[in-house]
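Here are a few notes to go with your first look at this one. Have the viewer open while you read, and take the points in order.

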Amino acid sequence: MHDYAVLFVDLRVVNMKATLNKDFAYAMTPMKILSWPVGTWPLQDYNIFSAMRVIITSCLLLLMLTIVQSEMYLDSNDAEKNLDALVILSCGILAVSKVIRFRIQPAGLISNFTSAVEDYNKLYDQEKGVILRRHAYMGRVAGIGVVLFAYFSATLFMSVPMLAGEEVKDVVNVTKDNIPEYPIPSEKVMALIKMPDNLYFIVFIVEYLMLLLTSNGNLGSDSLFFGIIFHLCGQVEILRLDFTRLSNDNERTIEHFIVLSKRHVYLLKLAKMLNETISSILAVQLFTSCIVICTSGLQFIIALSVGNIVMTIKSFIVLSTLLVQLFAYSYVGEYLKRQMEGIGDSVYFSSWYDIPTSVAKDIIYVIMRTQDPVFLKAGKFFIVNMETYMSIIKTSMSYLSVLRVMVTA
């Protein structure tokens with residue numbers, strides 16, 4: 001923690017202005033658009049205005065969680081509504097956790113994004129520039145992909161009351177009073193506080209904005225993390241390329257190898273800081289994803305069995321969003337591990353037999369270091385990779401099968 005405090009002070013001295021580099025703008029602009037409104041953009045000025053954005057975001061999310069929790073307490077008999085509420089609660093808790101975590105302990109993100117600014121301002125050759133742009137593209141695809149899924153889910157939650165109306169009630173054979181429906185389950189709460197009917201539209205829009213804010217806080221924060229991880233992987237690939245180009249040039253080779261070794265240690269440090277930033281949140285992410293996948297899958301099965309097309313589509317989109325988010329984390333963790341391990345292979349397949357003996361001996365230590373894999377961990381003990389993804393899917397499907405049998409029995 002002391003090192004992070006010193007690092008944070010040092011980083012505050014660095015100029016955080018966005019670079020004019022087009023590649024940097026291409027890579028970072030989507031992340032800035034998603035993270036700046038909630039106050040988690042690492043290259044912002046950490047002043048009262050950014051703090052206010054975080055406070056407003058957190059207050060709105062906490063208000064949404066309070067409303068949904070109260071609705072579940074006031075109307076515990078509506079299983080369909082409670083399943084929706086559980087999904088919103090899970091996503092809202094994750095959004096609040098990520099926003100607060102990225103604001104309170106931003107040193108890992110700041111150091112990585114500051115390093116990215118320096119990387120994009122370097123003059124790379126064409127081959128390295130292609131590597132940099134390819135990983136920027138991968139970060140954009142991963143980030144924008146999950147956020148679009150989340151926005152679509154939020155819009156679907158908003159449109160269900162307008163699309164379904166009385167038809168949904170007839171399909172599921174439920175008799176209700178003529179109570180207006182909202183994007184988030186809140187009918188009983190609004191009736192309790194005696195919300196005037198003429199404010200229905202305003203409440204409707206505010207709740208929809210809460211859902212979008214949840215998407216930004218949850219999936220938008222993920223996009224920020226995915227983008228910088230892919231950039232780090234791009235730098236690792238460039239380092240691998242530099243290791244393969246070691247040549248027999250005596251003193252120059254020794255100096256070059258020292259620079260590359262220090263760069264390797266530096267990239268390992270950046271990866272460790274990112275891992276520590278997301279580790280605790282990722283543990284909650286995996287736990288809630290497993291639960292919500294089960295409940296959303298059960299909702300999908302029930303809605304399909306009774307012919308509720310609107311609810312079937314909604315639960316399917318929510319389920320797909322969760323699976324895409326989980327897959328993105330698993331893929332990023334697997335990709336980071338493979339890139340770090342690839343440094344050892346690159347060193348081994350370089351012309352080490354033609355370089356000075358002193359350097360050849362030191363290469364052994366670089367290879368030994370790469371044998372200790374760099375994992376993306378949840379809670380510092382649960383490794384997140386593609387194997388983990390398959391394990392969670394299998395576990396969720398097993399629980400879903402049990403729930404389905406219990407419902408149909």
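**Notes for a first look**

1. Start with a charge over a ring. Arg-53 sits over the face of Trp-36, 3.8 Å from the ring centre. Bear in mind as you go that this is a predicted model.

2. There's another arrangement of this kind to look up: Arg-140 lies over the face of Tyr-26, with 4.2 Å to the ring centre.

3. Now for the record. An unreviewed UniProt entry gives "transmembrane region" at residues 46-68, 141-164, 199-219, 281-303 and 309-332. How much helix does the model show over residues 46-68? That span is 91% helix and 0% strand, with its end C-alpha atoms 32 Å apart. Residues 281-303 come out as 100% helix and 0% strand, and the end C-alpha atoms of that span are 32 Å apart.

4. On to the rings. The structure has twelve aromatic pairs. One of them joins Phe-225 and Tyr-329, a tilted pair with 6.1 Å between centres and 35° between planes. Phe-225 belongs to helix 9 (residues 200-244) and Tyr-329 to helix 11 (residues 309-348), so this pair ties together parts 104 residues apart in sequence. Are these two residues buried or exposed? Both Phe-225 and Tyr-329 are buried.

5. Next, have a look at Phe-230 and Tyr-335, which also form a tilted pair, 5.8 Å centre to centre with 50° between the planes. Phe-230 is in helix 9 and Tyr-335 in helix 11, so the pair links parts that lie 105 residues apart in sequence. Phe-230 is buried, at 3% relative accessible area. Tyr-335 counts as buried too, because its relative accessibility is 14% and the cut-off for buried is under 20%.

6. Ring pairs join Phe-230 and Tyr-335 with Phe-327, Tyr-331 and Tyr-389 in a cluster.

7. Asn-112 is part of helix 5 (residues 107-120), and with 3% relative accessibility it counts as buried. What does Asn-112 touch, leaving aside its neighbours within four places in sequence? Its contacts are Ile-228, Leu-232, Leu-270 and Leu-274. The Asn-112 side chain also reaches the backbone oxygen of Leu-270, at 3.4 Å.

Note on methods: Residues numbered from 1 in each chain as written. Predicted model: local features only at pLDDT ≥ 70, side-chain atom pairs only at ≥ 80, totals over all residues. Heavy atoms only, no water. Helix = DSSP H or I, 4+ residues; strand = E, 2+ residues; numbered from the N terminus. Buried < 20%, exposed > 50% of the residue type's maximum accessible area, 1.4 Å probe, protein only. Contact = heavy atoms within 4.5 Å. Polar contact = N/O pair within 3.5 Å; in protein donor to acceptor, adjacent residues only side chain to side chain. UniProt positions renumbered as here; feature names shortened; annotations may be inferred. Phe/Tyr/Trp six-rings, centres within 6.5 Å; stacked < 30°, edge-to-face > 60°. Lys NZ or Arg CZ within 6 Å of the ring centre and 35° of its normal.
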